[in-house]
Amino acid sequence: MSIGLLPPVLIPFCCSVCGGAWQRGSPEDNGSFATWFASRGYVVVAVDYRHAPQATWPAQIQDIRSALGWMLAHADEYEIDRARVALIGRSAGAQLALVAAYQAGAPGVRAVVSYYGPTDLIEGWRQPPQPDPLDVRTILETYLGGTPDTAPTEYRDASPVTYATSRVPPTLLIYGSRDHIVAPRFGRELHDRLREVGAPSVLLEIPWAEHAFDVLPNGLSAQIALYYTERFLAWALR
C-alpha cells in the first residue's frame with residue numbers, strides 16, 4: 001500500500017485490482033502506477049482475490065467487496081475520504097472493478113477505470129478473438145464453471161454490461177485498438193450502453209496499442225492512458 005500526502009485531512013482512495021485471466025496476478029503488479037498516484041495525493045491500495053481454478057465466480061467479487069469494506073472500515077486510520085473512492089482494474093481485474101462499482105451496495109464509489117476489461121462475458125465466449133493466443137473460451141469456462149449454456153447465471157452476473165444503468169458511477173474505458181485478447185469493441189459497446197441510459201462514460205481507444213500495453217509504464221500508450229486516468233479521477237473525485 002502506498003499513501004500519498006495531500007493538504008486536506010481526508011484523502012481520495014483508489015482501489016487497484018490486478019489482472020491475470022483470473023488465474024494469476026499479484027498486488028505487486030503495476031507498482032509504478034500505484035506509486036505515481038500515491039505521489040499525486042491518493043491513498044492507493046492494491047488488492048488480490050482468489051484465483052481460478054481453485055475458486056470460481058463469485059468468490060473473486062466477494063474478495064473485492066471484502067477488501068473494499070475493510071479499507072472503508074479503517075478509513076480513519078489511513079485518513080481516507082469515504083465519499084471519494086475510485087476502483088481501477090486491468091483486464092480480469094477491470095471486469096471485477098466494473099462489477100464491484102456497478103452493483104448496488106458500493107458506498108462511496110465515485111469512479112471506475114477499466115484498462116482493457118472484459119464487459120460482456122457471454123459474447124466474449126461466443127465470439128473469441130481471432131487469433132486467440134490465450135484460448136479465451138477455456139479461460140472463461142475455468143473462471144465461471146462452464147459455458148454460457150451450462151452456466152448462464154454466472155456469465156450474466158459476471159458481465160459488467162448487465163449492470164449498466166443511469167445510477168452507476170462515471171466510467172473511464174481504455175482499450176488498445178489492436179488488442180487480441182479483449183477486443184476494443186467490447187469497450188465501445190459498454191460505452192454506448194452507458195451513454196444510452198444516461199450514465200457518464202469516457203472511452204479512450206489508443207491506436208496500435210495491444211493488450212497490457214501499460215506493462216511498459218514509460219511507453220507512449222501507457223503515458224497517454226495515465227494522463228487520461230489522472231484527469232478523469234481529478235474530475236470524478238473533485
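**Close-up views of a predicted model**

View 1. Leu 220 lies in helix α9, which spans residues 220-236 (helices, H or I and at least four residues, and strands, E and at least two residues, are DSSP runs numbered from the N terminus). The model is predicted, so that local features need pLDDT of at least 70 and side-chain atom pairs count only at pLDDT 80 or more, whereas totals for chains, interfaces and linings use all residues. Residues are numbered from 1 along each chain as its sequence is written, and side-chain values use heavy atoms, with hydrogens and water left out. Together with Ile 224, Tyr 227 and Tyr 228, Leu 220 forms a nonpolar patch on the surface, with about 430 Å² of accessible area in total. Such patches are made of residues with over 30% relative accessible area and no salt bridge, nonpolar side chains (Val, Leu, Ile, Met, Phe, Trp, Tyr) being joined within 5 Å and like charges within 9 Å; a salt bridge is a side-chain nitrogen of Lys or Arg within 4 Å of a carboxyl oxygen of Asp or Glu. Accessible areas come from the Shrake-Rupley method with a 1.4 Å probe, and for residues only the protein chains shown count as cover. Leu 220 has a relative accessible area of 66% and is therefore exposed (exposed is over 50%, buried under 20%, partly exposed in between).

**View 2. The largest nonpolar core.** Among the 79 residues of this core, Phe 13, Leu 87, Leu 96, Tyr 102, Ile 174 and Leu 233 touch the most other members. Helix α4 (residues 92-102) gives the most to the core, with eight residues. A nonpolar core is a set of buried Ala, Val, Leu, Ile, Met, Phe, Trp, Tyr and Cys residues joined through side-chain atoms within 4.5 Å. Leaving aside residues up to four places away in sequence, Leu 96 touches Val 17, Trp 22, Tyr 49, Trp 57, Gln 60, Ile 61, Ile 64 and Tyr 143 (contact means heavy atoms within 4.5 Å).

**View 3. Two cis peptide bonds.** Ala 52 and Pro 53 are joined by a cis peptide bond with omega about 5°, and Pro 53 belongs to the loop between β3 (43-47) and α2 (59-73). The bond from Gln 130 to Pro 131 is cis as well, with omega near 0°, and Pro 131 sits in the loop between α5 (121-126) and α6 (136-144).

View 4. Ala 21, in the loop between β2 (11-17) and α1 (31-39), has phi near 60° and is buried, with a relative accessible area of 12%. Trp 208, in the loop between β7 (201-206) and α9, has phi near 70° and is exposed, with a relative accessible area of 67%.

Notes. Buried < 20%, exposed > 50% of the residue type's maximum accessible area, 1.4 Å probe, protein only.
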